[in-house]
Amino acid sequence: MNMRRNLTLAVTAALLVITGTACGDDDSGSSGASGSTKIDIRLSPVVDGAPVFYAVSKGIFAKHGLDVTASQAVSGGPAMIPTLLNGQIQLGATGPGTLAPVWAQGLPVKYVAPLSFGGTDDTNAQERLIATEKSGVKSLADLPGKTIAVPTLNNMGQITISTLLEKNGVDPKSVKYIAVPYVEQQAALQSGSIDIAFTTEPYFTQIGAAMQVTTLGAPGPAIGPSLPNFMVVGVDSYIEGHKGVIREFQLALQEATDFLAKNPAEARAFAKSFTKIDDATLAKIVMPVFSNDPNIQGLQQIMDTAQKYGVINTKLDVQKYVIQYPLPAS
């Protein structure tokens with residue numbers, strides 16, 4: 001069963017209860033003991049969520065009248081979407097590969113705020129395509145007939161890899177894919193159960209320190225430079241019922257993002273406070289780019305590419321799924 005079918009089944013169940021849990025001014029926007037508005041946001045345990053955790057840690061959200069609880073999801077973005085839709089959380093963070101099928105299905109999820117962006121070339125991209133010595137793969141030209149491990153099927157990995165292959169004269173349909181979560185890839189590569197993987201930081205650095213691999217390229221920049229990589233999303237009904245709250249969240253996040261963007265050394269050091277990355281790895285990883293520019297054009301490029309390679313079957317106009325950043329004062 002592929003990711004699109006898994007996601008469809010999960011969100012269908014969530015939508016059955018969404019009107020009772022995620023709309024209007026319900027207790028999802030209740031006030032805490034201090035009178036601040038409570039917001040629960042769930043993020044993957046990666047460095048890209050740093051602006052949210054920084055704004056919590058430094059009291060920036062509190063300064064904006066918000067009591068924000070940021071928790072880390074065990075699994076990735078697709079598993080977060082149902083919890084967002086059924087009102088268990090008010091906001092979530094995920095990547096555009098997850099949003100492609102969500103938007104293609106017409107689900108009421110909007111892009112609320114940017115968090116992180118990818119690199120511009122092979123030297124500063126977080127995601128890499130790698131192969132073991134056992135695979136016999138030394139370059140992209142050796143990939144036809146091979147199977148590539150990606151963290152989730154029909155997601156960002158396949159979208160970017162397909163682009164990279166085609167740009168280098170390799171038929172994207174000549175490879176197959178298998179789902180292996182990032183956290184399991186190193187063990188799978190070492191055991192030989194997989195030979196080629198699409199991975200990201202900090203796993204790329206950890207794998208390279210543990211075994212010999214060949215880096216075949218950075219798929220993301222093949223679509224375009226500085227693509228949106230991680231963003232905050234919310235459900236239409238919650239956003240419409242809490243525009244003032246969302247505006248304050250956006251303003252607080254802008255402040256945190258601006259600081260981390262201007263202070264990359266502190267951003268790297270702060271990552272240790274909310275991840276389990278060891279010091280040696282943290283010192284070497286390629287950090288994401290933090291920016292307050294939503295890069296809607298780059299997001300549109302991703303969605304167009306997702307349609308081109310059959311990850312989604314619908315032409316998407318991303319402007320329909322983006323709210324103003326920040327929302328105007330009422």
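Helices and strands are taken here as DSSP runs, numbered from the N terminus, and in this predicted model asparagine 154 falls in the loop that joins strand S6 (147-150) to helix H7 (156-167). The phi angle of asparagine 154 is near 55°, which is a positive value in a residue other than glycine. Because buried means under 20% relative accessible area, asparagine 154, at 11% relative accessibility, counts as buried.

Asparagine 154 also belongs to the lining of the second largest pocket, where Asn154, Gln158, Ser162, Tyr177 and Tyr309 are the residues that lie nearest the centre, out of 13 lining residues. The volume of this second largest pocket is about 270 Å³, and its lining is made up of five nonpolar, four polar and four charged residues.

A positive phi, of about 50°, is also found at serine 226, which is not a glycine. Serine 226 is placed in the loop between helix H10 (220-223) and strand S10 (228-235), and at 27% relative accessibility serine 226 counts as partly exposed.

Note on methods:
Residues numbered from 1 in each chain as written. Predicted model: local features only at pLDDT ≥ 70, side-chain atom pairs only at ≥ 80, totals over all residues. Heavy atoms only, no water. 1 Å grid on protein atoms, 1.4 Å probe; cavity = no way out; pocket = protein on both sides within 12 Å on 5 of 7 lines; lining within 4 Å. Points joined across faces, edges and corners; volume = space filled by probe spheres on them. Nonpolar A, V, L, I, M, F, W, Y, C, P; charged D, E, K, R; others polar. Helix = DSSP H or I, 4+ residues; strand = E, 2+ residues; numbered from the N terminus. Buried < 20%, exposed > 50% of the residue type's maximum accessible area, 1.4 Å probe, protein only.
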